[in-house]
Amino acid sequence: MDTQFNQPQRQSKIGIVVMFADTIQKTARAFWPLIVIYLFKLENLDKVLVAIASFVIFFLMGLVAYLKYLNFRFHVDTDHEEFVVTQGIFSKSKTVIQLQKIQQVNITQNLLQRIINVFTLEVDTAGASETEVKIKALSHSAATMLKTQLLNFQLPDLQSEEEFFSEVEQPQVFMKIGFMSLLKVGITSNYLKTISLLLAFGITIYENFIKFTETKVLEEGEIENYMSQSLGFTLTVILVALGILLVLIINVISILLKYYNFSIRQESNSLLLSFGLLKTKSTILRPERVQIASISQNYLQKKMNLFQIKIRQALGSSSENNKSILEIPGCNKNESQAIMHMIFKSEEVNANPIFANWRKLFVTNMIFIGIPLIVVLNINYFATEKIENAVIIIPLYIFTVALISYFSFKNYQLQIGTETIIKQSGAWDVEKQRISIEKIQAITTSQRFWHRSIDIGSVTIYTAAGSVSFTLANFTILQQNVNNWLYQIENSNSNWM
């Protein structure tokens, strides 16, 4: 392989295996209902025909994989400063990316690639909602050199890969997250997300089981009979305890698989992040391209001196594109401050934070308490069968939601510094979203006509990685700050792109 990448070239030959596995995966995802049906009816099918059909299918998938490998070519056009990729089987496509528009180049490796010792190189630009280009079979040296050339526009004129790696200074370890820190993060985070996934998974399995067997797992009144027995309360406690344990186990396993061996290395003015167990990922973080940086912490993490950082760069056209978010879990206070200082080059300034008007708390309670309560009371009044234990459930719901709303309102504030803006929000997980004023792309203010007499309104700040809104605050103060921000943006000479 030409390590200068000036001429069109293919991936590593072993990449055919990766292409074949990728083709099998896509085929299985597309036809999994038919595959499941045939597996259940396998005993009634002719074994010879099944074997022949399987051979033909795998042969065709192998042919497709080979054609993908054969027609996939890439090179760097140094004259026009472009990265060119051609691919396709029968209908070929050509992708041309200007080097100055490349925002991120990631190197990843899944389990199969680890076995055959190849890597995937992903190229992202600011104008695409998904990864622009994926090269799925490169050696580590070729992937590293290509990444360097794409990000730095030029690669030094070296004679060999060995010379390149001998002359490149190895970056120093800036931070390393150990097993115990990841364990703490798994125990103290992602509760609602995991519970939601478990409920969705459980409901889906239950519904499909009923449809498949055409019978109910539990007959009507069976649950009531169980709960009315003397062991009903004990059984409930055991099930709740097992559910909590299951949530914690899933959280810990997912965190360990995703962030295993997480390390940050500092190289000149950039940070190199690498992590992952089954799928390793290596990516570069450039402070000048960071749009929004968030630090979050809940009560348990505060006791353990743990912070979680999420960083949004100018990637993708959608602000909700999770693939554009870089996460740093389990860092302590000093490490989080060092990362923020490297990104923003300034300390947090919080002289006079702006708080929301008390009407925000009132509106939140009306939406999440008032409206549901009116609906439930009306249903209970007109229904023939009344809601059991409503006297206990309704006050408990009101107390829980009111408590969450109160802490959410208490933590809601806008902190304004000389160079950065920080929005703080959250009830349990308190998050601070930080934006550099010079990277703001647009600002809008809004005020409903019934809010004019009490002088409250909202502001929305837009960046290349999404927007941040602050609502129902003193409108005069918001407008004064917006004018200051616009003045700073107009007089800024920053060229973060």
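This briefing describes selected strands, helices and surface features of one protein structure.

The structure is a predicted model, in which local features need pLDDT of at least 70, side-chain atom pairs count only at pLDDT 80 or more, and totals for chains, interfaces and linings use all residues. Residues are numbered from 1 along each chain as its sequence is written, and side-chain values use heavy atoms, with hydrogens and water left out. Helices (H or I, at least four residues) and strands (E, at least two) are DSSP runs, numbered from the N terminus. Two strands are said to pair if DSSP finds at least two bridges between them. Strands of a sheet pair through backbone hydrogen bonds, either parallel or antiparallel.

**The sheet β1-β2-β3**

- Three strands make up an open sheet in the order β1-β2-β3, with antiparallel pairing.
- The edges are held by β1 (73-77) and β3 (93-98); each has a single partner strand, so one side of each is left without a neighbour in the sheet.
- On average, neighbouring strands of this sheet are turned by 15° against each other, direction ignored. For such angles, axes are lines fitted to C-alpha atoms, for helices over the stretch in contact, and the angles run from 0 to 180 degrees between N-to-C directions.
- Six bridges link strand β2 (residues 82-87) to β3 in the antiparallel sense, and Phe83 has Ile97 in β3 as its bridge partner.
- Helix α4 (residues 140-152) lies across β1 and β2 and runs at about 40° to β1. Contact here means heavy atoms within 4.5 Å.

**The sheet β18-β19-β20**

- A further open sheet is formed by three strands in the order β18-β19-β20, and its pairing is antiparallel.
- Here β18 (442-446) and β20 (466-474) are the edge strands; each has a single partner strand, so one side of each lacks a neighbour in the sheet.
- From one strand to the next, the twist averages 15°.
- Strand β19 (residues 456-463) pairs with β18 in the antiparallel sense over five bridges, and Thr445 has Val459 in β19 as its bridge partner.
- Helix α14 (residues 475-490) lies across β18, β19 and β20, at about 25° to β19.

- Buried means under 20% relative accessible area, exposed means over 50%, and partly exposed lies in between (1.4 Å probe, protein chains only).
- Thr420, Ile422 and Gln424 point one way from β16, while Ile421, Lys423 and Ser425 point the other way, and all are buried.
- Strand β15 (residues 413-416) pairs with β16 in the antiparallel sense over four bridges, and Gln415 stands opposite Ile422 in β16.
- A hairpin is formed by β15 and β16, with three residues between them.
- Strand β17 (residues 430-436) is joined to β16 by six bridges, and the two run antiparallel; Ser425 has Glu431 in β17 as its bridge partner.
- The hairpin of β16 and β17 has four residues between the strands, and in it Gly426 takes a positive phi near 115°.

**Strand β10 and its partners**

- Three bridges pair strand β4 (residues 102-109) with strand β10 (residues 280-285) in the antiparallel sense; the bridge partner of Thr108 in β10 is Lys281.
- Strand β9 (residues 270-275) and β10 run antiparallel and are joined by five bridges, with Thr283 in β10 as the bridge partner of Leu273.
- In the hairpin of β9 and β10, with four residues between the strands, Gly276 takes a positive phi near 120°.

**The nonpolar surface patch**

- A nonpolar surface patch of about 1,100 Å² includes Leu111, Ile115, Leu239 and Tyr260 among its residues.
- The elements that give two or more residues to this patch are α3 (111-116) and α9 (232-259), and α9 supplies the largest share, seven residues.
- Leu239 lies in helix α9 and counts as exposed because its relative accessibility is 53%.
- Patches are made of residues with over 30% relative accessible area and no salt bridge; like charges are joined within 9 Å, and nonpolar side chains (Val, Leu, Ile, Met, Phe, Trp, Tyr) within 5 Å. A salt bridge is a side-chain nitrogen of Lys or Arg within 4 Å of a carboxyl oxygen of Asp or Glu.

**Residue Gln4**

- Gln4 is found in the segment before α1 (15-40) and is buried, with a relative accessible area of 16%.
- Gln4 and His75 are 71 residues apart in sequence, and their C-alpha atoms are 8.9 Å apart in space.

How values were computed: Areas by Shrake-Rupley, 256 points an atom, 1.4 Å probe, with all protein chains shown as cover.
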